[in-house]
Amino acid sequence: MCTHADTPSHEPAGQSRRGFLRNATLAGAGAAALGIGAPLLGAPAADAAGSAGAGTWNPDPEALQFTLAVMPDTQFLYWGSQDSVNRTPQGESFRYIIRNSGRGTDNIVFMTHLGDLTQDADPSSFEQVDKAFALLDAHGAAYSVVAGNHDVTGEDDRGDTPYLQTLGPKRFRRSKTYAGSDPTGYNTAHVFRAAGRSWLVLALDWRVTDQAFAWADDFIKSNPKMPVILTTHDLVYSTYDDNVFPYESGDPENNAEFSGYGQKIWDKLIKDNDQIFLTLNGHYWPSGRTTRKNAVGNDVHLHIANYQNRYFGGGGMIRLYHFDLARDTIDVETINPWILAQDPQSRNKLAAEHARITGPVDDFSIPMDFAKRFSGFLPVTVRPARPAARELVKGTLAYWRFDAQGAPGTPLTAGHTIRDLSGKGNDLTVVTVPGTAADALTWSDDHHPDQPGHASLKFAGGRAPVHGTYLSTEANAPLNTETFRTGYTIETFVRMPLDWDAGNNGWASILSRRGSAGAAGKQGKNSDPKEPLVQLSISNNGREPQFNHYPLNNTYPTTNWGHGLVELKWWHLAVVNDGRHTKLYVEGAPVVDNPNRVSTGLTSLGLPWLVGGHEYAGAVDIVFHGNIGDIRIVNRPLPADEFLTAE
């Protein structure tokens, strides 16, 4: 609809061109009286709704990346009563949507139109709309539409209309994603599959009766595990108008408000249905968005998209919502496929400016922890703890885990023993630096989601002065003399807290072997005679994991470097040596700095291993700060599918 934020509801307004059309339910006569409505540039190509160049509709329903295409008001392309119709831009957008289903990173799985398909609701306009949408039907593309105020009058109990005859349930019954409609046919439900789950799109009419609200509410409750995207024509409006150039004002993440009718939708349907996480509407311009908390305190993202005030009435422009469940992000972009399909050298100046809309309300990203946001109706499947015996693969020399041994938050005191579950006798004993607080090492039930043991130890250590509590193997532990000449695998889980500090906590070890390089006769490039023979540490440069070790075959160390690890996230680390080369893995992925240098075994002076402690010049100089989960040491190289994280 021709309207913007300075009159958000449908109250009487001044008789400007925009104000007149805002208040006309069918604008044809009013537009004619004002002398506007000249035909759009170019006539519709004979094959505008044809299949040439459209490709195949073939979305991937399991990929964690998928795209929802959104097309707002296209009314100026369809003004049949003024003999002004041009299907070409919309047809090109439809071809783009079909071509980019299941293709590369786009994987468009569904398209939704936000209403005002026509300017005048005239049968001649809908005859052309029918031909345009036939392209989607011919390829089996999944889509929904809603009626806007330029398509219909009154509420959804209005009875038959050209809109309903063209885009009602009769048409959608051919679609695999069509899930049903209310008795009027103006409100429809659609279910598409993406990222291995079902998603519900509710497409609601321009004005909904109480009966339709009840239908929508019942439909959501009948599908209690589906995330819901609600589409309608009028819900929120931008809090700035199109006198602001370049169409951006205030906070781009919070520059929209409910219209009078939009508040009704929120109160009667959205607020109490936690499954609704995203709403999309057109009608107003400029574009905008805001976020509101629903009744249970979860975010609902409310977006308006409308480009009818732009060049060529928006030219069939589409907004693409790129869902990425691996990154927990929705990336949003706005493009014009009709213009992008033109030779760049042949585009006029206005077309070149509108090929992509890149303002902050049109091109942005939404961080979204999907599992957390949907947990109220789609509980996250928690991987159960696995018994220790299951993780004792061939060659296991030590396996330490911290579940079922102490209440979370309670401290471990000096001398306490943690058993080696491998049965090889490499038990750990608690050691406290003098002057350390009593709660410097505590039990925790926090853990990596793929960790076998659902527990960890929380270390509160540091340097300057040295403080903290760590663990040590006994003096006669068999592991102390092991040299791993034929290979090894060392695994653990780690998490750093927000108060981790590079100066106080950098270079603390998760696991290290006592005995200095100098005492073992090591020297040469990159050697430090005072450092330990083996150390898996977290650097002071962006919390990068480092495995620095002195192999049997060299007098100087081999060092493997990982990338920065963010705080408050659990990380699985693995070091694998096949008897010749050593590789460091983070979350099962090899890091870039794995030297192609022969490094056989690990040098030993027969001294203990430390968990959370780091020795320098013969004395512990820093204690770890953060959580450490299960630790396993195996005397052979393991493939990734045998790591502790394996299914």
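This is a predicted model: local features need pLDDT of at least 70, side-chain atom pairs count only at pLDDT 80 or more; totals for chains, interfaces and linings use all residues.
The residues of α7 that are buried are A212, F213, W215, A216, D217, F219 and I220. An α-helix has 3.6 residues a turn, so residues three or four places apart point the same way. Helix α7 itself comprises 13 residues, 210-222. From the first C-alpha to the last, α7 reaches 18 Å, close to the 18 Å expected at 1.5 Å a residue.

The protein as a whole contains 12 helices and 38 strands. Its C-alpha trace spans about 95 × 50 × 45 Å along the principal axes. Of the 647 residues in the protein, 57% are buried. When contacts between residues at least 6 apart in sequence are considered, 71% of them join residues at least 24 apart.

An open sheet is formed by 8 strands, with antiparallel pairing, in the order β22-β23-β26-β35-β28-β29-β30-β31. Its edge strands, β22 (417-418) and β31 (558-561), each pair on one side only. Strands of a sheet pair through backbone hydrogen bonds, either parallel or antiparallel.

A further antiparallel pair consists of β24 and strand β25 (residues 456-460), which are joined by 4 bridges. L441 has F459 of β25 as its bridge partner. Strand β24 (residues 441-444) is covered on both faces. L441 and W443 are buried on one side, and T442 and S444 are buried on the other.

Two individual positions were also examined. I633 is located in strand β38 (residues 625-634). This residue counts as buried because its relative accessibility is 0%, and burial is assigned under 20%. Apart from neighbours within four places in sequence, I633 is in contact with G395, T396, L397, A398, W400, L479, F484, T489, I490 and L511. The C-alpha atoms of I633 and T492 lie 9.0 Å apart in space, although the two residues are separated by 141 residues in sequence.

N100 is found in the loop between α3 (88-99) and β5 (108-113). With a relative accessible area of 9%, N100 is therefore classed as buried, the limit being under 20%. Residues up to four places away in sequence being left aside, N100 touches D106, N107 and I108.

Rolling a probe the size of a water molecule over the atoms shows where empty space is left. The largest pocket has a volume of about 950 Å³. Its lining is made up of 27 residues, and those lying nearest the pocket centre are D328, D369, A371, V380 and P449. By residue class, the lining of the largest pocket divides into 14 nonpolar, 6 polar and 7 charged residues.

Key:
Residues are numbered from 1 along each chain as its sequence is written. Side-chain values use heavy atoms; hydrogens and water are left out. Helices (H or I, at least four residues) and strands (E, at least two) are DSSP runs, numbered from the N terminus. The expected span of a helix is 1.5 Å times one less than its number of residues. Buried means under 20% relative accessible area, exposed over 50%, partly exposed in between (1.4 Å probe, protein chains only). Contact means heavy atoms within 4.5 Å. On a 1 Å grid over the protein atoms alone, a cavity is a set of points where a 1.4 Å probe fits but cannot get out, and a pocket is an open set with protein on both sides within 12 Å along at least five of seven lines; lining residues have an atom within 4 Å of a point. Grid points are joined across faces, edges and corners, and a volume is the space filled by probe spheres set on the points. Ala, Val, Leu, Ile, Met, Phe, Trp, Tyr, Cys and Pro count as nonpolar, Asp, Glu, Lys and Arg as charged, and the others, Gly among them, as polar. Two strands pair if DSSP finds at least two bridges between them.
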